[in-house]
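Here is a short briefing on a protein model and its ligand. Please keep the sequence and the structure open while you read.

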Amino acid sequence: MFDKVLIANRGEVALRIWRACKSLGLQTVAVYSKADRDLRHVKLADTSICIGPASASKSYLLQQKILLAAKLTGAQAIHPGYGFLSENAGFVKAVEDAGLTFIGPSSEAIACMGDKVRAKQAMIAAGIPCVPGSDGAVPDSDAEILECGTKVGYPLIIKAAGGGGGRGMRVVNAQSELLRSVSLTREEANAAFGNPVVYMERFLQTPRHVELQVLADQHGNALWLGERDCSTQRRHQKLIEESPAPGVGRDLIQEIGQLCVKACLAIGYVGAGTFEFLYENGEFFFIEMNTRVQVEHPVTEMVTGVDIVAEQIRVAMGLPLSISQDQIVFSGHAIECRINAEDPWSFAPSAGTVSDWLPPGGPGIRVESHLKPGFKITSHYDSLIAKVIAHGSTREQAIERIKVALSELVIAGVDSNIPLQLEILGTPQFAQGGANIHYLEHYLDQREGSQQS
Ligand code: ADP
């Protein structure tokens, strides 16, 4: 049990965590960089402590500073949010060793899922369908690498075992490119993640990204909360997420959901988690598990009514999940648009002072944001500045509501991708639902082409 939580993050997710803590009657500690002293959760927290300059590598990513802040303020638990230290097994081990509670799974579970080769092996053992590929790491000798490539078949994708954030991947179309691609990806993986191990998978040509949300407690209970379709991506970065996934059979989702629950129990998983799958031709293929709360968790909250962050905290306190699988009712449709501070056409990040901020409202609309007039957006952090989520009884209603909400939303003083989001929502592909992970990039390429000609 604990009654004081340190929020080891910033921005919208820090505010989200503060709200969940407050709803559970917990005290909060905000840690902030010098650039973030005006953030709302910093003002709202019971205690706030500055942990360094704006650069994340000198503040939010410095494990010893976060641990020291917990010690100085008497926080007994740490909520990592997403990004920063949330999936850093070394940090989680240090938190555990300091006698504090990490609000998330154990350091072993994070280490296992953070190594994608180990994660895939654990999932295969638990009966989860995976993308066919090399059994484990790519071998060392040229002959074995070529043999492995032939077994997987072309096109294939080489992926870093320690990779993340859409980096450390390379598509290989023919055997003649294989050896060079393996050695290049190994070098890049070693430089970026300190781990040269790579593995191979069949490259799926037109998949959708469909992920399953799970929650598990320390008492042997686990449940699934439906899926999210996150296929609207640019450079592997999600822009729009929705639940349910259009056109995917409910029986199949239920089958996959139950398999994910079984896998959680098999690996002794505790906390909130996401099983990411590629979905193609009616089949699911596991790609990785995220061991933290996701940016897009609100769409699941909107269709199930479950407060995922509060459940995460309750579970970390040792309490059982407050709901069981048979109490979960999926209702209507939810869509989230990520609002980034960036030029909507060139995607260049935009920095500056927010001169005006008017969030939208109305039936079924939810806004998660730390913005306020006068807030300075710097280049030190991720460009995500707000999330707008709409719920409707049907997908069409959710789309109409989110379009109205985005047309009402005012963010002045910096560029934002609101015009792009409105444009995407208006495309026939989005309206139809079920487009694959490449549709947005194809759409953007065509648009660029037509503007140039
Ligand atoms: P990361 O942890 O870096 O996000 P993932 O394994 O989740 O890596 O893959 C990121 C994205 O790369 C996926 O959403 C998908 O767009 C693409 N991808 C990954 N594996 C495959 C595959 N086997 N076939 C086709 N696309 C893939």
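Which side chains meet in a salt bridge at 2.7 Å, N to O? The side chains of Glu 227 and Arg 250 do. A salt bridge here is a side-chain nitrogen of Lys or Arg within 4 Å of a carboxyl oxygen of Asp or Glu.

The model is predicted, so local features need pLDDT of at least 70 and side-chain atom pairs count only at pLDDT 80 or more, while totals for chains, interfaces and linings use all residues. Residues are numbered from 1 along each chain as its sequence is written, and side-chain values use heavy atoms, with hydrogens and water left out.

**Ligand site**

- Strands (E, at least two residues) and helices (H or I, at least four) are DSSP runs, numbered from the N terminus.
- A ligand nitrogen is 2.9 Å from an N or O atom in the side chain of Lys 159.
- For the side chain of Glu 201, the distance from a ligand nitrogen to an N or O atom is also 2.9 Å.
- Leu 204 uses its backbone: one of its polar backbone atoms is 2.9 Å from a nitrogen of the ligand.
- The ligand taken alone exposes 560 Å², and the protein buries 94% of that. Accessible areas come from the Shrake-Rupley method with a 1.4 Å probe; for residues, only the protein chains shown count as cover.

**Salt bridges**

- The count comes to 28 salt bridges.
- The bridge between Glu 227 and Arg 250 links distant parts of the chain, 23 residues apart: Glu 227 is in strand 10 (residues 222-234) and Arg 250 in helix 9 (residues 250-267).
- Glu 227 is buried, with a relative accessible area of 2%. Arg 250 is partly exposed at 41%. Buried means under 20% relative accessible area, exposed over 50%, and partly exposed in between (1.4 Å probe, protein chains only).
- Glu 87 and Arg 292 also meet through their side chains, at 2.9 Å, N to O. They are 205 residues apart, with Glu 87 in the loop between strand 4 (77-79) and helix 4 (89-97), and Arg 292 in the loop between strand 13 and helix 10 (297-304).
- Glu 87 counts as partly exposed at 33%. Arg 292 counts as buried at 16%.
- Asp 38 bridges to Lys 43, with the closest N and O atoms 3.5 Å apart. Asp 38 is partly exposed at 41%, and Lys 43 is exposed at 53%.
- A network of salt bridges links Glu 211, Arg 228, Lys 238, Glu 241, Glu 276, Glu 296 and Arg 338.

**Aromatic pairs**

- The structure holds eight aromatic pairs. Rings of Phe, Tyr and Trp (its six-membered ring) pair if their centres lie within 6.5 Å; planes under 30 degrees apart count as stacked, over 60 as edge-to-face and the rest as tilted.
- Tyr 60 and Tyr 381 pair edge-to-face, 5.9 Å centre to centre, with 75 degrees between the planes.
- Tyr 60 lies in the loop between strand 3 (47-52) and helix 3 (63-73), and Tyr 381 in the loop between strand 18 (376-377) and strand 19 (384-392), so the pair ties together parts 321 residues apart in sequence.
- Tyr 60 is buried at 0%, and Tyr 381 is buried at 11%.
- Phe 275 and Phe 286 also pair edge-to-face, at 6.3 Å and 65 degrees. Phe 275 is in strand 12 and Phe 286 in strand 13, so this pair ties together parts 11 residues apart in sequence.
- Phe 275 and Phe 286 are buried.
- Ring pairs join Phe 275, Phe 277, Tyr 279, Phe 284 and Phe 286 into a cluster.

**Glu 242**

- Glu 242 lies in strand 11 (residues 237-243) and is buried at 5% relative accessibility.
- Its side chain makes a polar contact with the side chain of His 333 at 2.7 Å. A polar contact is a pair of N or O atoms within 3.5 Å; within protein, one must be able to donate a hydrogen and the other to accept it, and residues adjacent in sequence count only if both atoms are side-chain atoms.
- The side chain of Glu 242 also makes a polar contact with that of Arg 395, at 2.7 Å.
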